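Good morning, everyone. Please look at the slide while I talk.

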Amino acid sequence: MTRSEPFVGRAGATADLRAWLAEAAAGAGALVLVGGPAGIGKTRLVETVTGREAVWGRCVDDPGAPPLWPWRRVLQALPEVSRALAELDGHDGADLVAARFRFVALAADALVAAAEPAGLVVVLEDLHWADEASLRLLRHLSGELRRSRLAVLATYRDTDAAGPLFEALPDLLGRPGTESLRLDPLSEPDVRAYLAEVGRTGVDAGDALRRSGGNPLYLKAVARSSATGGGEAELRHLVRTTVSGLDPGTRALLAIASVLGEEVDAHIVAEVAGQPVADVAAALDRAVRAGVLLPADAGSRRFAHAVVRDGIYADLDQGVREELHARTAAALEQRPDPALAGVVAGHWLRAAVTPDALDRAAGWAEAAARDATRSLAFTEAARFLALALDCRRRAGRDGLPALLVELATAEYRAGRFARGFEHAREAAALTSDPAQVVAAALVVRDTSAPDLLPGMAELTASALAAIGPDADPAVRAKLLAQAASVAADSGKTGEAVKTAEEALALAELSGDDEARIDAVRARLKIRPAELDLAERLRLGALAVSLGGTGRPLVALWGHKWRVDAAFEVGTIPVVDAELGEISALAATTRLPLVRWHELRLRASVAAYRGAFGDARELNRLAGELAAAELAEDRSALGMSFAFALQLALLLGDPGELPEGSEELLAIAPPLPITIVSRPLAALVAGRRDEARAGYDALRPRLRDPDFIGHSPGIGPNLVPLLEEFGDLETAAWLAGQLAGGRPVGSGGAGTFCGDCSPSWSARLAALLGRHDDAVRLFEEAIAWDARLGARPYVVHNRVRLAALEEPRRAETLARQAADEARRLGMPGWLRDATALLERARTAADPLTGREREVAALVADALSNRQIAHRLVLSERTVESHVRSVLAKLGLANRTEVAAWVHRRGLPPR
């Protein structure tokens, strides 16, 4: 459809689109998704509204198209954006997963910046053909649009809800600033207006509507053709009729063009046809005048519509198609552009199936995968490598293990851990080369997915057996570190510690930085508190120095280890400094995993300090990020629930538990921390019988070192259960485990900052009836928490200590706790502190109600006569009450009574 065609029936859509563009120009950018079937007029609408000001990028229906194809066109048209991304051209030595996210973030930032100050409109056409890398950039960009002057208009067919776009659509449509516009078929008045404008008033509008279905493209065919039928069949008939009117030479060139795709490069057509470019260009221009092609960029044309191209292609005999695809592939092979590698592979695949064609398709698919990896498009790299693997298999070729490892690596980088591991395991099974077995075993790392852990352990053991005990220390250290990490995630703590220490010793011996990093991470994953504090700080500093922005996850672990160490000894300024470093790392790398850890840590620290509103918001943001970017790692999603459970305990408010928490715990992997969390969550939610059943089921496992030592959070999470169910035997055992250790300020910052270790020991001592020990330890805990700024835990320990103290001391502690709980918003603890306060007052106050009234009025400096008048008593009766108050309280005069009243906090009368 050309611009000379009538534009009817779109007044409402045009007005909406113009309004959204105006808002974008004013500073409220938007993503507008324009959907509808083929030929409905999506492109024409956008062309009409945007004019010549928009920057266009078009997706193509070609599985060999390079990743980010529509964005490449956009970026080429915006040199300032291309310059901003130039630094990402090389990634040697860098964490490629981190670099991919950084590219997306920088590209989005550059596009937003390019829209200032006059605004910018970007059009992405045929988004239903977009690759995952293009959609990833669009998803990220959509989150930035509302605060920019950038408008992105994307057209797509909504008739076939399959493919990457339709997986991304719910997320895109849920973003603030996303607008959706669906074009419906034209009405009969619209059809009548169209026919009038093209001079076909003799055609019955109702019949034309029926035959075209209200589709503008098909309506054009109906208006120009007397054929019967309707819709796409009518258009195909028109295409055949139009093409048949062209000379044979032009028809042959259009056949080649249909093999190339929707966009037609005259130079490539000329190469495939073996004709001069000038002659080909003249013939293609004849096709433009016939309405089959449209002019596009200089030197190229495009089909008037995908349906036109499909019609010509469908009419080719299979042998002709295969021959043209082979000739096209051979012509494109001579071009130096690496972005064409996937296109070449696709043409060889659609040529005649011969071993040579399959080999060439595989070779070019592997080249396309390398180009996709350079573009940080790992999903597309995996797609091309899977294509290469299929071709090699069909051709009966060798060399599959190495290709399988490459495929597994691409899938792992794309976040497809299960698929990547299966290909890695297949690679190891197909080879006798120890080096390839090692490579396969080290593909999938840093995932605690329970369904993968047994296979990962088996594959790592096979690799260790393949290389033997005398292998390169660096290689063996990496494998042992992998084995230790898997053992830790599987709950085999003792085995994990032993293996990690062996890995660390070998890594230090080898001097290999990568091996040292792997070994350090494995060792600090398991019982880190058992290592000397200075050694942990050294290892953390080593990781930070070896990481940097090139290996941001390594640097992240280093900073996190230093945060944990600082919390243990109570050096809060170091905690804040390390959090600042993590924030800077997140801002520099733009890696979601680093940002997620930053949010998790900041939420934990905010709750520790009593900033509960900030803590909830940070936890919410971390949960949203995990759902959007880390969905294959269920543990990331589970962390937000774990945080909510601990916040409910901290506040004494079961309302903090999120909806669906029971279902989430039910499907969580049966790791020790999960097993303990199930009855604890039931207890917090008020389901005591369920909590008791869950506790009774786990109790036999508590003496297992692998169980209790799996996570530092297991012991603290057990204490509320021991208190609730009065399990003195286990309490005595756990107290023995804690005895003798040095005091720890806090721990578990990655999930939720816990209380200091004296508090846990104090609670166990109180449960066991060791009163003096409990009082001493609670006082020590209050001192720790006050010094570290842990205001909520000060409330906890004051309430618990008040329950053990004599009435006057208890009253003071309970009042302090109630005041602070009220300020912070801790409803459960305010209730407990208030109850203790009332009990202490009752125990410490022998006065009757009337005597308390008299004492309060004495404190207000009223005389006996004034009191008698106020209470409607005789003055003699008041004198009797005052004598009784002095005697019961052991006080000497009215001044001491006033002081006692003020200490008690009795209200003035």
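Predicted model: local features only at pLDDT ≥ 70, side-chain atom pairs only at ≥ 80, totals over all residues.

Let me begin with a definition. Helices and strands here are DSSP runs, numbered from the N terminus; a helix has at least four residues, a strand at least two.

Now the whole chain. How many helices and strands does the protein chain have? It comes to 47 helices and 8 strands. The radius of gyration is 37 Å. The globule rule gives 29 Å for 909 residues, so the chain is more spread out than a compact globule. Along its principal axes, the C-alpha trace spans about 125 × 80 × 45 Å.

Buried residues make up 53% of the 909 residues. The chain exposes about 37,900 Å², and carbon and sulfur atoms supply 53% of that area. Then the charges. There are 107 positive and 122 negative side chains. The centres of the two sets lie 4 Å apart. As for contacts with a separation of 6 or more, 66% of them come from residues 24 or more positions apart.

R10 gives us an example to look at. R10 sits in the segment before helix 1, which covers residues 11-25. Is R10 buried or exposed? R10 is buried, with a relative accessible area of 8%. Leaving out residues up to four places away in sequence, R10 touches I40, L45, L183, D184, L186 and P216. Take L183. R10 and L183 are 173 residues apart along the chain, yet their C-alpha atoms are separated by 8.3 Å.

On to the backbone. Most residues other than glycine have a negative phi, and most peptide bonds are trans. Here are some exceptions. A cis peptide bond joins E116 and P117, with omega about 0°. P117 is in the loop between helix 5 (96-114) and strand 3 (120-125). D126 has a positive phi, near 60°. D126 is in the loop between strand 3 and helix 6 (132-142). D126 counts as buried, at 12% relative accessibility.

Back to V872. V872 also has a positive phi, about 60°, although it is not a glycine. But V872 counts as exposed, at 72% relative accessibility.

Now helix 44, residues 849-859. Which residues of helix 44 are buried? They are E851, V854, A855, A856, L857, V858 and A859. What covers them includes helix 45 (864-871), helix 46 (875-889) and helix 47 (894-904). After helix 44 comes A861, whose phi is positive, near 70°.

Last topic: cysteines. How many disulfides does a search of the whole structure find? It finds 0. C753 is in no disulfide, and the nearest cysteine sulfur, that of C756, is 12 Å away. The cut-off is a pair of sulfur atoms within 2.5 Å. Both residues are inside: C753 is buried at 1% relative accessible area, and C756 is buried at 0%.

That is my tour. Thank you.

Conventions: Residues numbered from 1 in each chain as written. Heavy atoms only, no water. Buried < 20%, exposed > 50% of the residue type's maximum accessible area, 1.4 Å probe, protein only. Rg over C-alpha atoms; globule rule 2.2 N^0.38 Å. Contact = heavy atoms within 4.5 Å. Areas by Shrake-Rupley, 256 points an atom, 1.4 Å probe, with all protein chains shown as cover. Lys, Arg positive; Asp, Glu negative; His and termini not counted. Charge placed at Lys NZ, Arg CZ, Asp CG, Glu CD.
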